Amino acid sequence: MAGEPQDDCLFCKIVAGTIPATIVRETETTVAFRDINPQAPTHVLVIPKAHYPDAAALAAAAPELAADVLRETGAVAEEEKLESYRIVFNTGTGAGQTVFHTHAHVLGGRGLQWPPG
């Protein structure tokens with residue numbers, strides 16, 4: 001069920017503390033941690049503690065929680081002293097999503113070209 005922890009979800013296990021991660025911020029509703037395969041000098045993932053498979057599902061079911069995730073991306077950028085940064089939500093395998101628990105990538109610390117990919 002949406003919002004409930006999933007036994008087979010890597011990010012649910014990070015939230016539960018059963019898989020280690022380098023946590024940079026944590027709130028009542030979110031966790032932010034360093035990506036293990038960084039694509040920029042700063043690459044932090046911000047996730048809701050509740051399980052939703054992607055950003056669209058999160059926004060539809062819990063818009064206030066989606067707002068918390070976005071708010072935390074800004075807080076991460078500020079703490080990381082990023083003057084400019086990119087926020088990315090991948091939705092679906094064709095877009096590069098590999099963990100099906102909503103997560104925002106906060107990328108910065110180098111020039112980010114457009115278009116991406």
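The structure is a predicted model, in which local features need pLDDT of at least 70 and side-chain atom pairs count only at pLDDT 80 or more, while totals for chains, interfaces and linings use all residues. Residues are numbered from 1 along each chain as its sequence is written, and side-chain values use heavy atoms, with hydrogens and water left out.

The chain contains three helices and five strands, where helices (H or I, at least four residues) and strands (E, at least two) are DSSP runs numbered from the N terminus. Along the sequence these elements follow the pattern α-β-β-β-α-α-β-β. The C-alpha trace spans about 40 × 30 × 25 Å along its principal axes. A compact globule of 117 residues would have a radius of gyration near 13 Å, and the value for the chain, 13 Å, agrees with this. The radius of gyration is taken over C-alpha atoms, and the globule rule is 2.2 Å times the number of residues to the power 0.38. Of the 117 residues, 39% count as buried; buried means under 20% relative accessible area, exposed over 50%, and partly exposed in between (1.4 Å probe, protein chains only).

Strand S5 (104–108) is largely enclosed by the rest of the structure, because five of its five residues are buried. In a regular strand the side chains alternate between the two faces of the sheet. In S5, Ala104, Val106 and Gly108 point one way, whereas His105 and Leu107 point the other way. Two strands pair if DSSP finds at least two bridges between them. S5 pairs with S3 in the antiparallel sense over five bridges, and valine 44 stands opposite valine 106 of S5. S5 is also joined to S4 by four bridges, again with the strands running antiparallel; here arginine 86 stands opposite leucine 107 of S5.

The largest pocket holds about 650 Å³ of space. Pockets and cavities were located on a 1 Å grid over the protein atoms alone: a cavity is a set of points where a 1.4 Å probe fits but cannot get out, and a pocket is an open set with protein on both sides within 12 Å along at least five of seven lines. Lining residues have an atom within 4 Å of a point. Grid points are joined across faces, edges and corners, and a volume is the space filled by probe spheres set on the points. The lining of the largest pocket comprises 31 residues, of which Asp35, Gln39, His43, Leu45 and His105 lie nearest the centre. Two or more lining residues come from each of H1, S2, S3 (42–48), S4 (85–88) and S5, and the largest share, three residues, is from H1. By class, the lining has 15 nonpolar, twelve polar and four charged residues. Ala, Val, Leu, Ile, Met, Phe, Trp, Tyr, Cys and Pro count as nonpolar, Asp, Glu, Lys and Arg as charged, and the others, Gly among them, as polar.

One aromatic pair is present. The rings of phenylalanine 11 and phenylalanine 33 have centres 5.4 Å apart and planes at 75 degrees, so the pair is edge-to-face. Rings of Phe, Tyr and Trp (its six-membered ring) pair if their centres lie within 6.5 Å; planes under 30 degrees apart count as stacked, over 60 as edge-to-face and the rest as tilted. Phenylalanine 11 lies in helix H1 (residues 10–16) and phenylalanine 33 in strand S2 (residues 30–34), so the pair ties together parts 22 residues apart in sequence. Phenylalanine 11 is buried at 5% relative accessible area, and phenylalanine 33 is buried at 4%.

Proline 48, in strand S3, is buried at 0% relative accessibility. Its C-alpha atom is separated by 4.4 Å from that of threonine 30, 18 residues away along the chain. Histidine 51, in the loop between S3 and helix H2 (55–61), is buried with a relative accessible area of 9%. Histidine 51 and glycine 3 are 4.5 Å apart, C-alpha to C-alpha, and 48 residues apart in sequence.

Most residues other than glycine have a negative phi, and most peptide bonds are trans. Lysine 81, in the loop between helix H3 (63–79) and S4, has a positive phi, near 60 degrees, and is exposed with a relative accessible area of 70%. The peptide bond from tryptophan 114 to proline 115 is cis, with omega near 0 degrees; proline 115 lies in the segment after S5.
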